[in-house]
Amino acid sequence: MKTFLLFLLLSVSAHAELPVDIVFDIDLTIVSLINDRPGGDLLADPSDPTRNTVRIHHGEIDETYRVFEGMTELMEKLELEQKAGRVRVSFFSGGTEARNEALLKSIKLKNGTSLWDLAPGRVLGRSSMTPTGLKPPARIREQFKKDLTRINPDLSDVIIIDDIKEFVPESQRGNLLWIGEEFPFPDRTPFPPASVDPELLAREKYKFRWISGQIDRALSQRFTTGGALSSIIQNMSNAPVGCNTYRILSDLFTK
């Protein structure tokens, strides 16, 4: 009996020391694409519109992206955890591999490390998504899925932060930290409003405060108790509640 208990304790201890996998979607999760349409950059600071933006070139395309407030600060925390062997950071996006590489290389932490450097060999793009067999007019999120076993076959310690829950297979929704998709970015609705509810605007602008808090608490519990990260994140979190007025208006205009 004592031998069994010792084996159990050692197994739990070893499990607690394994790196956990934290996977980030890219578009509308860590960055948003800026375009010239009305409402194309609702999160811009009027006094300094280019702050927290990066310009990239891939193929024949030039694009500008807004980096969400507080995102790089979270990545700096995770970089420390990764260096300690407790965390692995990955990215899984439906964007092309060339775009993902150019974008992640352009976003730097204070020490000069890029997000690309932070996840060596762990940036998955469009070609890594799993087709479901559905064809148009099915939405892209219905045609392709992000199979997290490509990150780690053992999903107990894998979580993905994403704004679109449908990109995650239903069998892996327990690994999802969903951040919601209510904010009226132009690529979500053909009629972005000229102004947005101030509460919704603040929530989107500073959403990484919430995301960072969720991840901090989940990692603390994970390394204290040895429990599965996916179970911990589901027991403690739901997407923050916000106004969806823009969605109601958009539906009215598009019907």
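Predicted model: local features only at pLDDT ≥ 70, side-chain atom pairs only at ≥ 80, totals over all residues.

Analyst: Isoleucine 30 touches Phe24, Asp25, Arg66, Val67, Phe68, Met71, Met75, Phe91, Leu104, Leu115 and Phe208, leaving aside residues up to four places away in sequence. Ile30 is also among the residues with the most contacts inside the largest nonpolar core, which has 46 residues. Helix α7 (residues 207–225) gives the most to this core, with six residues.

User: Why is the pairing of lysine 146 and aspartate 25 called a salt bridge?

Analyst: A salt bridge requires a side-chain nitrogen of Lys or Arg within 4 Å of a carboxyl oxygen of Asp or Glu. For lysine 146 and aspartate 25 the N to O value is 2.9 Å, so the pair meets the definition.

User: What parts of the chain does this pair tie together?

Analyst: Lysine 146 belongs to the loop between β8 (144–145) and β9 (158–162), and aspartate 25 to the loop between β1 (20–24) and β2 (31–34); the pair therefore ties together parts 121 residues apart in sequence.

User: Why does arginine 99 count as buried?

Analyst: Buried means under 20% relative accessible area. Arginine 99 has 6% relative accessibility, and therefore counts as buried. Its side chain meets that of aspartate 27 in a salt bridge (2.8 Å, N to O).

User: What makes aspartate 27 partly exposed?

Analyst: Partly exposed lies between the limits of under 20% for buried and over 50% for exposed. Aspartate 27 has 27% relative accessibility, so the term partly exposed applies.

Methods. Residues numbered from 1 in each chain as written. Heavy atoms only, no water. Core = buried A, V, L, I, M, F, W, Y, C linked by side-chain atoms within 4.5 Å. Buried < 20%, exposed > 50% of the residue type's maximum accessible area, 1.4 Å probe, protein only. Helix = DSSP H or I, 4+ residues; strand = E, 2+ residues; numbered from the N terminus. Contact = heavy atoms within 4.5 Å.
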